[in-house]
Amino acid sequence: MEQGLPVEEPLLLAELKPGRPHQFDWKSSCETWSVAFSPDGSWFAWSQGHCIVKLIPWPLEEQFIPKGFEAKSRSSKSDSKGRGSPKEKTLDCGQIVWGLAFSPWPSPPSRKLWARHHPQVPDVSCLILATGLNDGQIKIWEVQTGLLLLNLSGHQDVVRDLSFTPSGSLILVSASRDKTLRIWDLNKHGKQIQVLSGHLQWVYCCSISPDCSMLCSAAGEKSVFLWSMRSYTLIRKLEGHQSSVVSCDFSPDSALLVTASYDTNVIMWDPYTGERLRSLHHTQLDPPMDDSDVHISSLRSVCFSPEGLYLATVADDRLLRIWALELKTPIAFAPMTNGLCCTFFPHGGVIATGTRDGHVQFWTAPRVLSSLKHLCRKALRSFLTTYQVLALPIPKKMKEFLTYRTF
């Protein structure tokens with residue numbers, strides 16, 4: 001085991017609640033369907049419901065931060081001395097917000113987007129936020145100023161999820177209830193460069209592998225689609241779930257893919273071969289936390305930790321679970337009500353979760369010093385496919401470790 005020491009239960013560090021609700025009649029107007037940290041850890045975005053996104057400088061107020069965390073986070077305090085400290089911003093999107101995604105940081109080419117349209121914007125490398133809306137629109141904002149930069153049109157229904165390529169090329173993928181995924185190039189003023197069709201149900205989730213070679217999409221179907229990010233063609237369908245798949249995420253080295261389904265299972269895949277490596281089954285705690293009739297099968301979200309040794313899952317049984325990669329049962333639980341989404345802070349130590357009532361909660365997450373073995377595996381797998389590893393003239397046990405087949 002990498003962690004060495006027993007893992008403590010996640011502790012609630014802070015909880016943010018929306019202000020007084022606006023008077024909207026829309027069914028999903030108050031829910032936090034998406035939360036996101038910027039890749040450098042300096043901003044947190046929260047779709048708090050009521051068409052509003054809050055952009056919050058990170059870290060939060062010091063009393064909410066666990067000991068030792070602030071020093072390890074790359075806050076923007078030192079970077080912002082010359083231009084004033086970053087301030088919380090409110091983005092009024094005009095429609096219910098379903099998906100959020102930050103661009104990689106920094107992104108100097110993005111100056112092309114607004115240099116001629118917004119000459120007042122300071123000449124700095126800009127971090128941008130994409131928001132997917134209820135009416136099928138995607139709005140692109142500059143984080144530092146809160147300016148609206150672009151409005152992308154094309155989807156015919158709710159934009160449920162968004163994902164930027166980690167390389168910094170400003171290619172954006174959107175997933176929609178219109179059963180398509182669309183590829184946008186923000187360096188070309190938001191030009192739509194591809195439409196990916198094939199899903200028969202609403203597309204809930206899209207995730208791009210860290211090496212930018214693959215795209216995974218999950219719809220209200222039992223199978224998961226794996227696409228090439230080079231040719232924008234379907235590589236394969238991953239079959240194994242017994243009900244709708246609603247969430248997916250790649251490991252930091254691109255060697256693993258996890259998918260979460262209403263069938264109570266998270267499946268860990270080798271995306272290169274399509275092999276099913278492990279299933280993590282969500283069983284109810286014994287005894288139940290209360291007497292209510294909770295439908296446990298509704299998994300909502302799954303995500304990898306930044307070092308690639310843990311998973312977090314949120315389900316409708318009112319639990320946040322932490323899993324170690326090597327084990328088939330959770331190593332820690334935290335009670336949470338009406339959870340919808342979860343994500344790790346990019347430098348570890350914190351998990352953010354969004355809820356159906358518009359709240360966002362911050363929890364302590366396991367901190368681990370990765371073993372040299374895992375660091376070597378992570379480095380190698382960041383550029384070697386499974387097939388390339390299997391072709392290496394090395395012992396079988398080493399190949400099994402490098403391809404995550406030693407569970």
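The structure is a predicted model, in which local features need pLDDT of at least 70, side-chain atom pairs count only at pLDDT 80 or more, and totals for chains, interfaces and linings use all residues. Residues are numbered from 1 along each chain as its sequence is written, and side-chain values use heavy atoms, with hydrogens and water left out.

The chain contains five helices and 28 strands. These are DSSP runs numbered from the N terminus, with helices (H or I) of at least four residues and strands (E) of at least two. Of its 407 residues, 58% are buried. Buried means under 20% relative accessible area, exposed means over 50%, and partly exposed lies in between (1.4 Å probe, protein chains only). The accessible surface amounts to about 17,400 Å². Carbon and sulfur atoms contribute 52% of that surface. Areas come from the Shrake-Rupley method with a 1.4 Å probe; for residues, only the protein chains shown count as cover. Among contacts (heavy atoms within 4.5 Å) with a separation of 6 or more, 53% join residues 24 or more positions apart.

UniProt positions follow the numbering used here, feature names are shortened, and annotations may be inferred rather than shown by experiment. Residues 129-151 are 61% strand and 0% helix. The end C-alpha atoms of residues 129-151 lie 12 Å apart. Residues 152-187 are 50% strand and 0% helix, with end C-alpha atoms 13 Å apart. The annotation "domain: SOCS box", also from an unreviewed entry, covers residues 371-407. That span is 59% helix and 0% strand. The end C-alpha atoms of residues 371-407 lie 16 Å apart.

Ser163 belongs to strand S10 (residues 159-164). Its relative accessible area is 11%, so Ser163 counts as buried. Beyond neighbours within four places in sequence, Ser163 contacts Ala101, Ile171, Leu172, Val173, Cys206, Ser207 and Ile208. Ile193 sits in strand S13 (residues 191-196). Ile193 is partly exposed because its relative accessible area is 31%. Residues up to four places away aside, Ile193 touches Ile171, Ile183, Trp184, Asp185 and Tyr232. Tyr232 is 39 residues from Ile193 along the chain, yet their C-alpha atoms are separated by 9.9 Å.

The structure holds two cavities of 30 Å³ or more. On a 1 Å grid over the protein atoms alone, a cavity is a set of points where a 1.4 Å probe fits but cannot get out, and lining residues have an atom within 4 Å of a point. Grid points are joined across faces, edges and corners, and a volume is the space filled by probe spheres set on the points. The second largest cavity has a volume of about 30 Å³. Its lining comprises Ser251, Pro252, Asp253, Glu307, Gly308, His374, Lys378 and Tyr404. By class, this lining has two nonpolar, three polar and three charged residues. Ala, Val, Leu, Ile, Met, Phe, Trp, Tyr, Cys and Pro count as nonpolar; Asp, Glu, Lys and Arg as charged; the others, Gly among them, as polar.

One of the lining residues is Lys378. Lys378 lies in helix H3 (residues 372-381). Its relative accessibility is 23%, so Lys378 counts as partly exposed. Apart from residues up to four places away in sequence, Lys378 touches Pro252, Asp253, Pro306 and Glu307. Lys378 and Ser251 lie 127 residues apart in sequence and 9.4 Å apart in space, C-alpha to C-alpha.

Conventions:
1 Å grid on protein atoms, 1.4 Å probe; cavity = no way out; pocket = protein on both sides within 12 Å on 5 of 7 lines; lining within 4 Å.
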